[in-house]
Amino acid sequence: MAKREYTKDEVRQMVKDEDIRFLRVMFTDLLGTIKSVDLPVSQLDKLLDNKIMFDGSSIDGFVRIEESDMYLYPDMSTWLTFPWGAEHGKVARVICSVHNTDGTPFSGDPRNNLKRVLKDMRALGFKDFNIGPEPEFFLFKLDENGNPTTKVNDQENYFDMEPADRGEDCRRDIVLALEKMGFDVEAAHHEVAPGQHEVDFKYADALEAADNIQTFKLVVKTIAKKYGLHATFMPKPLSGINGSGMHLNMSLFDQDGHNAFYDENDKNQLSQTAYHFLGGLMKHARSFTAICDPIVNSYKRLVPGYEAPVYVAWSTSNRSPLVRIPNDRGMGTRLELRSADPSANPYLAIASVLEAGLDGLRNDLPPVHNIDENIYQMSLAERQEKGIVNLPDTLHNALKDLAADDVIKGSMGEHLYKSFMEAKTREYDGYRQHVSDWERQQYMEKY
């Protein structure tokens with residue numbers, strides 16, 4: 001269930017009661033980067049009346065210079081006060097959607113796009129698509145000039161406790177800040193790799209979950225900086241250790257509030273809705289990988305040996321496939337997509353997996369590739385016999401799959417798809433033309 005939207009009078013009262021002096025008006029660009037405009041509180045009425053204008057031609061993937069004027073419409077259910085920076089007056093944050101000058105929602109706004117896909121979901125008779133994200137991140141030390149290094153601040157492992165360590169203190173303060181902002185934090189722990197951390201917060205409906213991911217990233221980076229550390233959501237910042245993922249736990253709810261993925265009479269206690277949704281995820285997995293793992297570095301994480309999924313399969317009993325079905329049943333029945341990483345634009349990523357699942361429902365797709373064995377231990381011949389295919393191994397290959405899939409292209413809409421492909425093709429071309437230290441070390445003397 002989405003949060004309640006505050007009225008204009010309630011917002012004015014909160015500004016007065018909490019002594020708010022500045023307004024941070026936030027939105028997200030094509031690449032998932034948070035953009036913001038800081039306003040003095042004297043501009044509150046202008047914001048409430050949807051009259052804050054900005055230059056859309058300056059934002060990645062938005063519009064050309066000759067059609068640059070755009071408006072920010074605040075979603076007052078996202079209003080909150082930051083728990084820091086009160087020395088010059090408190091700062092309140094609100095997330096906005098982008099609109100054209102005629103008041104219509106801008107189709108190049110990822111947040112508007114997710115709303116559009118959710119509307120399609122409701123037209124099929126469902127009420128909510130809940131997402132429980134599990135974003136991981138690394139903490140690195142800064143050098144004397146304040147620039148990030150590749151030195152992690154600990155050598156701990158999964159669930160380890162690092163006494164008197166700045167990483168643990170930083171993670172604790174991240175949790176405290178999130179709780180002050182209304183997050184329901186369920187767990188916070190050290191991850192498998194040195195310097196790697198995870199903070200899990202409670203699921204929410206898709207739009208709020210995407211907003212929460214963006215807010216979470218901002219909080220993590222802000223608190224880390226106060227500790228003299230750099231937080232990064234780059235999927236694979238270091239060779240030879242695990243990368244950072246952002247597992248997406250997803251569940252679909254009907255109009256009566258029942259979990260549409262649950263059926264107590266099935267052997268796995270999964271409904272036909274769950275199976276067909278799974279079928280859609282399996283069919284479109286290679287295509288939505290371009291959106292859920294959108295940078296060149298993402299594919300350094302999706303390799304065997306580091307716990308990240310590599311193969312298109314699902315299971316109720318092991319963690320090697322792309323989609324895992326956790327043990328919870330009843331209202332907790334969910335599908336866990338394990339391939340996504342935190343460099344993804346959450347609005348686009350959630351829209352893509354939802355559209356894949358809805359395609360499975362529309363076409364009664366079968367849930368192929370149920371694999372209970374450890375896929376990493378199978379030979380190529382065994383995988384081929386079971387019809388298991390790999391995820392794309394480069395951004396270039398993922399983009400080719402996306403370009404051939406009208407359903408996942410449709411999850412973005414024409415404007416976003418065209419801008420995304422242009423941006424990502426440029427990114428891969430830049431990578432392809434770059435000569436790395438690894439290549440020089442391997443080939444300079446040999447050839």
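Me: What radius of gyration does the protein have, against the value for a compact globule of 447 residues?
Reply: The radius is taken over C-alpha atoms, and the globule rule is 2.2 Å times the number of residues to the power 0.38. For 447 residues that rule gives a value near 22 Å. The protein agrees with it, at 22 Å.

Me: What kind of model is this, and how are residues numbered?
Reply: This is a predicted model, where local features need pLDDT of at least 70, side-chain atom pairs count only at pLDDT 80 or more, and totals for chains, interfaces and linings use all residues. Side-chain values use heavy atoms, without hydrogens and water, and residues are numbered along each chain as its sequence is written, from 1.

Me: How many helices and strands does the protein have?
Reply: Both are DSSP runs numbered from the N terminus: helices are H or I with at least four residues, strands are E with at least two. By that count the protein has 13 helices and 16 strands.

Me: What share of the residues of the protein is buried?
Reply: Buried means under 20% relative accessible area, exposed over 50%, and partly exposed in between (1.4 Å probe, protein chains only). Cysteine 96 is buried at 1%, and cysteine 170 is buried at 0%. Over the 447 residues, the buried share is 54%.

Me: How many disulfides are there?
Reply: A disulfide is a covalent bond between the sulfur atoms of two cysteines. The rule here asks for a pair of cysteine sulfur atoms within 2.5 Å. By this rule the count is zero.

Me: Is serine 339 buried or exposed, and which residues does serine 339 contact?
Reply: Serine 339 sits in the loop between β16 (335-337) and α8 (346-362). Its relative accessibility is 0%, so serine 339 counts as buried. Contact means heavy atoms within 4.5 Å. Leaving aside neighbours within four places in sequence, the contacts of serine 339 are Asp293, Arg301, Leu302, Pro309, Leu322 and Leu391.

Me: How far apart in space are threonine 7 and methionine 76?
Reply: Threonine 7 lies in the segment before α1 (8-17). Threonine 7 counts as partly exposed because its relative accessibility is 40%. In sequence, threonine 7 and methionine 76 are 69 residues apart. Their C-alpha to C-alpha distance in space is 7.5 Å.
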